Amino acid sequence: MSRKNQVDGTRRLRFDGWIAGLGTTSGTRLVLGHWQRSPFGTFSDVMLERADGERLLLAPTPETADFVAATYVFDTVRVVPVRVGVADDTWTVAAGPLDLRFVTGRRRPLGLLLRAVPDTLAGRPAWSALMDGPARLLLPGVRTRGSAREGRHEWYGARDLRSVREVSATFEGADLGGTAPVAPPVRFGFGSVPRRPSLTRVTTTVAVAAKGARAERE
């Protein structure tokens, strides 16, 4: 269940769902957040970084757009309907000017290890902080904790990892090309997604400082 904890004037907001990090041969990289449980209910959002460096957020409501844009850095924010469908290994996303389809592959060995971690442990910020060092070694560019905008802090607790073997997408009617590494790394926040296209099951905790209070660190 989504959770809000008040500690020393700081609220902890919890998001449970999936993050897909995808690259295309056009140079556009995409990050889908598909949140099944969150303080905003069930919702999905898409972050794009174009080949020219423009960072764009597509979010379904003004409330979610404001929250995500206050946490990460974007050049453009659009509020558009974001619909996600999942059928077996195929994911489809319709988000305003974006139509996206990707197909997941086999679970990676690291995914098998992550699935063995109890959910109650994987969702704890202290565990995410402990895993930050190994994540940096195994998945260059990936961070499991860090500072965000407006004095916020984040922890990512990964619980599964699957490869993505096929990506197709159009943006404003233009074909973005086929599957490619997420390179260069995306620049929305303190870390990127894995270079190899992948789908990660994750519990994300965001510490938001109350007005006049400093965000907690762990």
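## Salt bridges

By the rule that a salt bridge is a side-chain nitrogen of Lys or Arg within 4 Å of a carboxyl oxygen of Asp or Glu, the count comes to 13 salt bridges. This is a predicted model, in which local features need pLDDT of at least 70 and side-chain atom pairs count only at pLDDT 80 or more, while totals for chains, interfaces and linings use all residues. Residues are numbered from 1 along each chain as its sequence is written, and side-chain values use heavy atoms, with hydrogens and water left out.

Salt bridges that share partners bring R14, D16, R37, D119 and R159 together in one network.

Helices (H or I, at least four residues) and strands (E, at least two) are DSSP runs, numbered from the N terminus. E49 forms a salt bridge with R187, and their closest N and O atoms are 2.7 Å apart. Since E49 belongs to strand β4 (residues 43-49) and R187 to the loop between β13 (179-180) and β14, the pair ties together parts that are 138 residues apart in sequence. Here, buried means under 20% relative accessible area, exposed over 50%, and partly exposed in between (1.4 Å probe, protein chains only). E49 counts as buried at 2% relative accessibility, whereas R187 is partly exposed at 41%.

A salt bridge is also formed by R115 and D160, whose closest N and O atoms lie 3.7 Å apart. This pair, too, links distant parts of the chain, with R115 in helix α2 (residues 109-115) and D160 in strand β11, 45 residues apart. D160 is buried, with a relative accessibility of 4%.

## Helix α4

Helix α4 (residues 125-138) has 14 residues and reaches 20 Å from its first C-alpha to its last, close to the expected 20 Å, a span defined as 1.5 Å times one less than the number of residues. The helix bends by about 40 degrees at D132, and a proline, P134, follows within four residues; the bend at a residue is the angle between axes fitted to the seven residues ending there and the seven starting there.

D132 also meets R136 in a salt bridge between their side chains (2.8 Å, N to O). Being four residues apart in helix α4, D132 and R136 are separated by about one helical turn. D132 is buried, with a relative accessible area of 6%, while R136 is partly exposed at 41%.

## Packing around α4

The buried residues in α4 are P125, S128, A129, D132 and A135. With contact taken as heavy atoms within 4.5 Å, the buried residues of α4 pack against β2 (10-24), α3 (119-122), β10 (145-147), β11 (153-171) and β14 (198-209).
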